[in-house]
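Here are my notes on the model, point by point. Please read them with the structure open.

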Amino acid sequence: MENNKNFLVAGLGVNDPKGVFGTTLGLSGKYGESRVIETPTSENAITGIGVGLAISGFSPLLIHQRMDFFLLALDQLVNSAAKWHYMFGEQSSVPITIRLITGRGWGQGPTHSQNLHAWFAHIPGLKVVMPALASDVGDLLQAAIDDPNPVVFIEDRWLHGQRIELSTNAKLDRKKIAIGQAEVLIAGTAVTVVAAGYMVIESLKAVNFLNSRGLSIELIDLKSVKPLDENLILRSVRKTGRLVSVDSGHVSGSFGNQIIQIVATTISNPLLSPPILLGLPDVPTPTSHGPMHEYQVTSYKIGLAILNSLGLKEYEDMRECLRDKFVDAPDENFLGPF
Amino acid sequence: MKTLDLARLFVTAVRIRLIETAIAIEYPQGEMRCPVHLSVGQELLSAVFEQVQTREDTAISSHRAHAHYLGKGGDLNRMIAELYGKVTGCSKGRGGSMHLIDLEKGFIGSSAIVGNSIPIGVGVAMSHKLRGNGKVSYIFFGDGAIEEGAFYEAMNFAAVHELPCVFVCENNRYSVYTGLDKRQPTGRNIAALAEAIGVKSEVAGLGDYLETFRILESSTQKARMGFGPTFIEVPTYRFLEHCGPNDDNHLGYRPIGELDFQKDLDFITNLESRLLLEKIMSLNEVKIVKSEIENEIAQAFNFAKKSPFPTFEEIITGTYAI
């Protein structure tokens with residue numbers, strides 16, 4: 001905000017006492033309410049207003065505390081933001097960033113926890129970013145804001161509580177992450193696990209466990225689902241010959257399917273075992289936390305899928321080692337309310 | 001305070017009428033292969049608007065945008081070429097009739113989805129306010145848009161932030177083939193509804209160009225000086241079908257006699273009589289004006305027909321800005 005006077009922040013709650021899970025606290029005090037704009041409960045108009053500001057030379061960041069509410073704004077996202085640059089012959093662009101927060105667990109249920117990244121990735125003209133690690137958020141958010149196109153920036157609610165250690169040196173040495181760039185978080189040779197957003201965290205637990213037992217599993221954090229770093233995925237699967245695609249959305253028409261499709265239609269050597277897709281069942285997410293171990297994609301399920309792809313049996317202690325006491329909370333300290 | 005130049009009003013209105021009529025005549029040739037929503041019968045507002053706006057002001061419109069584009073000074077050659085799907089069109093042939101743009105003239109776009117461009121126009125108004133540049137954002141839509149949520153959301157936001165915009169609702173009483181009486185409660189006063197949202201509202205009389213001018217001009221000055229938005233309802237009537245070049249009276253959705261009654265009220269005919277009667281223009285001057293416009297139109301169609309289509313290579317680039 002300091003460097004770019006045309007950068008604006010807008011959303012319901014950006015100036016409220018909680019500041020969107022603390023992410024916008026103090027901003028309006030420093031930059032004023034004309035640049036940090038509290039908005040009415042009007043998702044569609046606010047998105048259109050953001051488009052109007054963007055085509056007039058401003059760079060708005062719009063924030064929605066739940067992705068599900070943003071469904072009211074699909075007209076402006078799909079018919080305006082995504083099309084404007086192309087449809088008007090490349091004469092004006094829409095440098096807009098839309099932060100959408102998804103809520104897994106804590107009874108967020110059918111209409112507060114949907115993962116619709118596959119919908120957004122389907123639309124030409126949009127970019128879709130899904131950081132999994134708090135350490136990537138800064139780079140990716142800056143890249144989204146600097147991008148001259150509409151970027152849908154999807155954050156899992158639990159990302160806000162993630163703790164990272166940042167030594168000053170590590171910060172300086174680190175290469176910046178660009179939109180469309182995936183990363184091999186853990187290198188391995190036997191199975192490729194591909195995940196985005198919070199599914200990276202669950203996958204990380206499973207892969208760390210299996211690798212500690214002597215397996216060699218590779219984990220790819222997509223970071224962006226559009227544009228997609230296809231080459232990194234293909235390079236990995238060419239090496240491992242096996243694929244587990246982990247998605248936070250429902251399985252039908254999922255982005256996880258897209259990963260399998262790309263591998264299946266590009267790699268000419270047959271895979272060593274059929275690719276595996278993990279995602280939510282094709283039923284709405286219930287509120288009850290009782291059956292969440294069965295419903296959600298957990299590290300245990302990911303571990304099982306990896307072993308299946310290798311034709312290996314389950315380790316006796318795997319269920320215990322990968323068992324989260326609560327699948328509906330990131331850790332025992334999380335007590336909601338949303 | 002500006003005064004309305006009646007001769008100029010007539011020339012602008014006739015030009016729009018002749019352009020729209022030429023499109024209707026050429027359309028059956030099958031070379032303009034995109035939906036066209038013509039403004040024949042609805043020229044008054046755009047012709048008045050032409051004298052109120054300045055080039056620095058911005059305007060955004062809906063699917064029925066030809067008249068607004070022309071009223072804002074939009075390039076005719078590039079508009080006709082856009083209808084023909086040519087690369088020389090104002091949107092390089094990618095947008096068609098419903099997606100017109102002329103940034104040099106401050107016409108920032110038009111949208112096919114009813115109500116969709118209203119919030120965008122409000123965002124543009126907000127950019128004017130943030131910059132303090134004294135520009136006005138004009139937002140054109142029809143009575144159908146009053147039924148969209150985007151209208152309420154955007155009006156509310158403009159009222160809260162006192163944005164420099166003028167909402168112009170051209171009420172032709174039909175959404176496609178469905179009359180207002182089937183879509184909104186009997187006796188609703190659209191302007192009163194807009195006023196209740198918190199935006200100062202005015203209604204012009206049907207065909208009353210002097211009153212339309214007065215309202216549009218005062219709303220413009222108010223917005224320019226930082227006193228916030230105005231909503232204007234301009235009653236009007238569509239002579240042709242919702243989409244396409246034809247008379248559609250045979251469909252029976254208009255009450256018997258309504259079309260003829262409205263055509264008798266046609267303000268262009270009335271204005272022409274007045275100009276001749278008051279000797280503001282002579283019959284010969286009117287003839288010359290019309291023939292000059294006809295020439296201009298012929299050249300525009302010639303330009304469009306001769307222009308190349310975009311190549312496949314051209315249409316698969318430009319999805320993203322670099």
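**Notes on chain B**

1. Helix α8 (residues 190-197) of chain B lies across β4, β7 and β8 (230-235) of chain B. Its direction is about 170° to β7(B). Axes are lines fitted to C-alpha atoms, for helices over the stretch in contact, and angles run from 0 to 180 degrees between N-to-C directions. Two residues are in contact if their C-beta atoms, placed from the backbone, lie within 7 Å. Helices (H or I, at least four residues) and strands (E, at least two) are DSSP runs, numbered from the N terminus.

2. A word on the source. This is a predicted model, in which local features need pLDDT of at least 70 and side-chain atom pairs count only at pLDDT 80 or more, while totals for chains, interfaces and linings use all residues. Residues are numbered from 1 along each chain as its sequence is written, and chains are lettered from A and ligands numbered from 1 in the order in which they are written.

3. The open sheet of chain B has six strands, in the order β2-β1-β3-β4-β8-β7, with parallel pairing. Strands pair if DSSP finds at least two bridges between them. β2 and β7 (200-203) of chain B are at the edges with a single partner strand each, so one side of each has no neighbour in the sheet. From one strand to the next, the twist averages 15°.

4. Within the sheet, β3 (residues 137-142) and β4 (residues 165-171) of chain B pair in the parallel sense over six bridges. Ser137(B) has Cys165(B) as its bridge partner in β4(B).

5. Chain B holds 13 helices and eight strands. Its radius of gyration (over C-alpha atoms) is 19 Å, close to the 20 Å of the globule rule for 322 residues, so chain B is as compact as a globular protein of that length. The rule is 2.2 Å times the number of residues to the power 0.38. Buried residues make up 49% of the 322; buried means 20 or more other C-beta atoms, placed from the backbone, within 10 Å of the residue's own.

6. Which elements give two or more residues to the side of chain B that touches chain A? In total, 32 residues of chain B contact 32 residues of chain A. The elements are β2 (107-110), α5 (117-131) and α6 (149-161) of chain B. α5(B) gives the largest share, nine residues.

Notes: Buried ≥ 20, exposed ≤ 12 C-beta atoms within 10 Å, placed from the backbone.
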